[in-house]
Amino acid sequence: MFELSIFFVFAATAIVFALVVILHRNPVVSALALVACFFSLAVMYILLEAPFLAALQVIVYTGAIMVLFLFVIMLLNLQHQHEALTRPVQQFLGWMAGATFCLSLIFYLLQAAAPVMVSGAYDTSARAIGFKLFESYILPFEAVSILLLAAIVGALVLSARGSTTVKGDTEQAR
Amino acid sequence: MPIDLTDAVMTAVKIAIVLGAMLNITPIMVWVERRGSALMQDRVGPNRIGPLGLLQSIADALKFILKEDVVPAQAHRVLYTMAPLFGLIPALTTIAVVPFGRAFVIPDTLTYDSGLAFGLFGAIMLMLLLAAGTAAATVKFRTRPAATRLNVVVGWIVTVSLVGVALVLLAALLAMKSAGSVHIPGAGHLFEPIVADVNIGLLLVFALASMSVYGLATAGWASSNKYSLLGGIRASAQMISYELALTLSTVGALMAAGSLRLVDVVARQTGYFVLFDTVKIPAWNCLPMFLGFVVFVVSAFAETNRTPFDFAEADAELVAGYHTEYSSMKFAMFFMSEYMAMGTMSALIVTLFLGGWDIPYYHEPATFFGFLFSAVAFLVKISIMMFVFVWVRWTIPRLKYDILMRIGWKVFLPLALINVVVVALLIAAGWV
């Protein structure tokens, strides 16, 4: 009963803040609402007896990724922008796609039987996840890390290309 | 889910202990910082209110409460008001997973004997002595020209409350004497001095610590002031960079303990390293993981925005950084969260690298006094670390911002990785 009430409180905050993310005009408020939404999701993980996943959710998404989002938004100072409806067809299609996805999700969830959570069915400790990552899933794990490395190198190459031309310009100017 | 009343009461007691300690850090540390900086710069420092200026913090707190609360017209009202909360909540909650003493079994009965009577009598005498001192200081101070009515009233309030505590203790002593022995509720339970002993211990610390950046960033943005905004941007860039080194430098301690729970990390450090079969030194993590210890301490300075890394408020460049526009209690909340974060970081340094509550060469018994001694040892270690924070602030000038970012990524991150490898080799060799 206690857990159920916590679930409903945080499910409600997750939905409300998710709506704020897409509906609010101010990008900083949207980013902070997304942080609150992620936090509510972390509570869901704790209720599903996966505290490790909850901690990672908070550390990775709210602690790292959203800080960078906020950093960029604040650096570009994207505040109080009131864009006119420049692309009505695209906006209409976007709303339609979103509504279709939402309705189909509700439809299939209503058809499916209510899931029963078996307590203690899964080992979600850091130790178990570590063994899984470094034994059963070592190949995908390494593949993902190479992908991330490639992304970092790519970003560096793209930014370095810009800076060399700037350097060349200043040298020509001298 | 039935809730055990004893557990609930014990948890409430623990929360009260931890919260009381955290809330009292700020006034004490403000006094230490101001007197400490005066000591290091050969000045006198605040010495007007109370003996040695000890009541200065109370006067400061009153001033914060009584000042006008200004909200800039251009500010984003909601976020401007909420930003100090974003900073304060992580600072208050992180300490929950840190063990602050040795666990002990609550005894059945408390019998009245000479030792207990002596202890209580001593406590009463101490309270009366303090009350007499405060009263004498207040009377002496009253005639000085600098005395205001507020100062004198505060002096009398402190005196009266000290006498009140002494009277309560006396009543307890007399009640104990007439009863003979008192049955303690919750006897037989193990009192573990940690608010939340969760499996993910240290991860929870980092999860909450990573939230504190939102307080600074939001405050900087919501103030609609370019200096505040720059402070907030700097804070977010700096904290995200140093969080990596901070997290990686703890991996060694976790590897040695084989667990994320800080209770296990401390338990592993209560043993000894034996050198050449003769010399016993305490098995504190700072010895085998010296690199990690250094990286963690330096990153802790960056993470708490203390000099030499206080770029978020850099008063020479940014007026006061992210809290330029804040006044009254909202400013006080930033102030409080800075000192609380400092306290939490000191507690983490002590727990991870300096043996936690362990007293070297002494085996704490699993009784109330063992808990008391270990808790005092923990407090002493934290106090020393806090003084180091103050010491560094008034010794090392602020770095340049590009140097901060460069050493964060190019020095401390590799050093933390090297520390992981070194600790892994030591564990493989069976030395740790």
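Helices (H or I, at least four residues) and strands (E, at least two) are DSSP runs, numbered from the N terminus. On this definition, Val16(A) lies in helix H1 of chain A, which covers residues 2-23. The model is a predicted one, in which local features need pLDDT of at least 70 and side-chain atom pairs count only at pLDDT 80 or more, while totals for chains, interfaces and linings use all residues. Residues are numbered from 1 along each chain as its sequence is written, and chains are lettered from A and ligands numbered from 1 in the order in which they are written.

A separation of 8.8 Å lies between the C-alpha atoms of Val16(A) and Ala33(A), which are 17 residues apart along the chain.

The contact between the chains takes 23 residues from chain B and 20 residues from chain A (two residues are in contact if their C-beta atoms, placed from the backbone, lie within 7 Å). On the side of chain B that touches chain A, the elements giving two or more residues are helix H6 (201-222) and H7 of chain B. H6(B) provides the largest share of that side, 11 residues. The residues of that side of chain B divide into 17 nonpolar, 5 polar and 1 charged. Here Ala, Val, Leu, Ile, Met, Phe, Trp, Tyr, Cys and Pro count as nonpolar, Asp, Glu, Lys and Arg as charged, and the others, Gly among them, as polar.

Axes are lines fitted to C-alpha atoms, for helices over the stretch in contact, and angles run from 0 to 180 degrees between N-to-C directions.

| Helix pair | Axis angle | Axis distance |
|---|---|---|
| H6(B) and H7(B) | about 165 degrees | 7 Å |
| H7(B) and H10(B) | roughly 155 degrees | within 8 Å |

H6(B) is therefore roughly antiparallel to H7(B) (an angle over 145 degrees). H7(B), residues 226-249, and H10(B), residues 290-303, are likewise roughly antiparallel to each other. The crossing of H7(B) and H10(B) is left-handed.

In the contact of H6(B) with H7(B), the residues from H6(B) include Phe206(B), Leu216(B) and Trp221(B), and those from H7(B) include Ile233(B), Met239(B) and Glu243(B). By class, this contact has 10 nonpolar, 7 polar and 1 charged residues. Met239(B) and Glu243(B) are also among the H7(B) residues that meet H10(B), where the partners include Val295(B), Phe296(B) and Glu303(B). The contact of H7(B) with H10(B) divides into 8 nonpolar, 4 polar and 2 charged residues.

Notes
Angles under 35 degrees count as roughly parallel, over 145 as roughly antiparallel, 65 to 115 as roughly perpendicular and the rest as oblique. A crossing is left-handed if the near helix is turned anticlockwise from the far one by less than a right angle, and right-handed if clockwise.
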